[in-house]
Amino acid sequence: MTGAETEDDIPLGERKTVTDFCYLLDKSKQLFNGLRDLPQYGHKQWQSYFGRTFDVYTKLWKFQQQHRQVLDSRYGLKRWQIGEVASKIGQLYYHYYLRTSETSYLNEAFSFYSAIRQRSYYFQVNKEDRPELVVKKLRYYARYIVVCLLLNKMDLVKVLVKELSEEIEDYTQRFNTEDQLEWNLVLQEVAAFVEADPVVILNDNNSVVVTSNRLQEGSVPPLEQGMVVGQLVLADALIIGNCNNQVKFSELTIDMFRMLQALEREPVNLATQTSKQGTLEPNEKPAKRENPHKYLLYKPTFSQLFTFLSASFKELPANSVLLVYLSATGVFPAGHTDYEGPYDFGGVLTNTNRDVVNGETVQKRNQAQKEMHCLHPGDLFPFTRKPLFVIVDSSNSTAYKNFTNLFGQPLVCLLSPTVYPKSVQDQSQRGSLFTLFLYSPLSAFSSVCGLNSVQRGLWERAQEFLRKVYRDIGQMITRSRTIDQAFLQFFGDEFLRLLLIRFVFCSAALRLHKLFREARSFPESYPELPKQDTVESSVLQKHILELATMLDVQSLFWDDSLEAY
C-alpha cells in the first residue's frame with residue numbers, strides 16, 4: 001500500500017486481489033518448504049504433494065500475470081519477486097525430473113530459468129542493499145547452469161559462468177561476506193566440469209561441436225529376426241558416485257553425469273523447445289515412461305545406500321531389472337583368511353569421515369573384522385532375488401567377481417580395470433576411462449589414443465563405422481553357444497544391450513592397445529564372457545584396427561594379436 005493511502009481508500013476488489021495474492025504466496029512457500037521433508041525414495045509417496053505444490057504455483061503464476069498492474073501499485077510487487085516465483089517453478093520441474101527421469105521436465109525447467117534471464121527479473125537486485133537477495137540471484141545462476149549442463153547447452157553454460165563470475169565479484173566487493181570462498185569454489189567446480197571432456201569435436205572453422213550421448217533413435221543395434229532374448233526391462237537404476245578428487249558440480253560427479261545420460265533417451269523436442277512460461281501443466285504425464293527411474297546418490301553412507309537399494313528392490317515391477325552403478329574408491333581387505341567369503345575381498349567406499357590415505361582407504365582394525373564403511377559384494381546378495389545388473393568402476397572392482405548367484409535370477413556384473421597406464425591414470429580426475437567407454441566409446445577410444453580433438457567429418461564417419469561394429473558385437477553375443485544365459489536375458493532391453501556391446505568393445509580395444517599390458521588393465525565380468533566369441537574375436541580385432549587406421553593411430557595397437565600375449 002502506498003504512502004498516505006489508508007486501506008479504506010483502496011477499492012474492495014483491489015484489496016481482495018492483494019489478499020488473494022498474499023494467501024497464494026504464503027501457501028506456495030509453505031508447500032515448497034515442505035518438499036524437503038518428503039522421503040527421497042519410493043515412487044508414490046511424493047506424487048500427490050508435488051501435484052498440490054504445482055497447482056498452487058500454477059495459480060500464483062497466472063494470478064500475478066492477470067493482476068500485475070494492481071499488484072504493482074497496491075502491493076509493491078517487484079520484478080525480483082516475480083523472478084523468485086519463476087525460479088521456484090524451475091526448481092520444481094528440475095526435482096520432478098530427478099524423481100521421474102523424464103527429460104521433458106528438464107526442458108520445462110530450462111524454459112523458466114531462461115525467461116528469468118531474458119526478462120531481467122533479477123536485474124534490480126544489485127541496486128538493493130540486501131545481500132540475501134543477491135544470494136538468491138547467485139543460486140538461480142548455479143541451478144540454471146546445472147540444467148544447461150544436463151541439456152548439453154555448453155555454449156550457454158560458458159556465458160552463464162562468465163555472468164556468474166561477474167555477479168560473484170560484485171557481490172563480494174559490495175558486501176564483506178563470509179561465503180566468498182564457497183562461491184569461488186562453485187565457479188572452479190563448474191569450470192573444471194565443462195573442461196572435463198577429454199576429446200572435442202571441431203567444425204571446419206575450429207569451433208566446438210556439442211554432441212549428445214543419450215540414447216537416440218537408431219543407435220541401438222536391432223535384434224536379429226527370430227532371436228530369442230529375455231523380455232526384461234530396465235526399470236530402476238542407482239547411480240552412486242564416491243570417488244575422491246573427481247571433478248564434480250552440484251552433487252554430480254563427472255562419472256555420475258555421464259552414466260545418467262547413458263540411461264536416458266534423447267528427448268524428441270530438445271532442440272525445438274520454446275519458452276512457454278504461462279502454461280504449467282505438471283500433471284500431464286507422458287504416455288509411457290521412456291527412461292528407467294534413477295536415484296543419484298553422491299557420497300552416500302552405507303545406511304543411505306542400503307535404504308535406497310531396498311526401496312528400489314521393493315518397488316521393482318515384475319519382469320524388470322534393477323541396475324546398480326558404483327563409481328567409488330576401492331576398499332581393500334587387510335589380509336587373507338582361510339575361508340574367503342563375500343566379505344573377504346573388500347569392495348567400494350561408502351561415505352564416512354574416516355581418513356583417506358593416497359586416495360585409497362587403509363584399514364585400521366585387525367583383519368578378523370570387516371570394513372564397515374564399504375559396500376561388500378555380500379551386501380548385494382539379498383537383492384539378487386530379482387534381476388540385477390551391476391557396474392563397478394573402482395580400483396577394487398574385481399572384489400565383485402566373487403559373486404554367487406544364490407537365487408537363479410539373471411545377474412551380471414561389469415567390472416572396470418583396476419590398474420591403468422600412467423598416462424590414463426593422470427586423467428582420472430576428469431572421469432574414469434571405463435565409464436567414458438560406456439557413455440561415449442568413440443571419445444574414450446580417441447582419448448586413450450592421445451587425441452584431444454577430432455574433425456567433425458572424421459568423427460561422423462567413425463561413428464557410422466562403430467554402428468556396424470556394434471551390430472557385429474550384438475551378433476557375437478547372441479550367436480555364441482557358450483555364453484552365460486544371463487547376458488541374453490538382459491539383451492532385450494535397449495539400454496542394457498548397448499551397455500553390454502560397449503563393454504565388449506572397450507575390453508577388445510584395451511586388449512589390443514600397446515599401453516595396456518597387465519591383465520588387471522582389462523575389464524572383467526561376472527559371469528565371464530567367452531573370450532574367443534567376444535572380446536578376443538578376430539573379427540572384432542580387425543574392426544578395432546580399422547578404426548585405429550581411420551583415426552591415424554594404428555601404431556598404438558598390436559597388428560598381429562598373437563604379439564600381445
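Helix 6 (131-150), helix 7 (154-174), strand 4 (248-249), strand 5 (252-253) and helix 9 (254-262) are among the elements covering the buried residues of helix 8 (contact here means heavy atoms within 4.5 Å). This is a predicted model, with pLDDT of at least 70 needed for local features and 80 or more for side-chain atom pairs, while totals for chains, interfaces and linings use all residues. Residues are numbered from 1 along each chain as its sequence is written, and side-chain values use heavy atoms, leaving out hydrogens and water. Helices (H or I, at least four residues) and strands (E, at least two) are DSSP runs, numbered from the N terminus.

**Helix 8**
- Residues 180-194 make up this 15-residue helix, which reaches 22 Å from first C-alpha to last, close to the 21 Å expected (1.5 Å times one less than its number of residues).
- Its buried residues are W183, V186, L187, E189, V190, F193 and V194 (buried is under 20% relative accessible area, exposed over 50%, partly exposed in between, with a 1.4 Å probe and protein chains only).
- Looking down the axis of helix 8, those buried residues fall within an arc of 165°, so they line one face (the arc is that of the directions from the helix axis to the C-beta atoms).
- L181 and Q188 are exposed on the face turned away from the buried side of helix 8.

**N152**
- You'll find N152 in the loop between helix 6 and helix 7.
- N152 counts as buried because its relative accessibility is 13%.
- Leaving out residues up to four places away in sequence, N152 touches V210, T211, S212, R214 and Q261.
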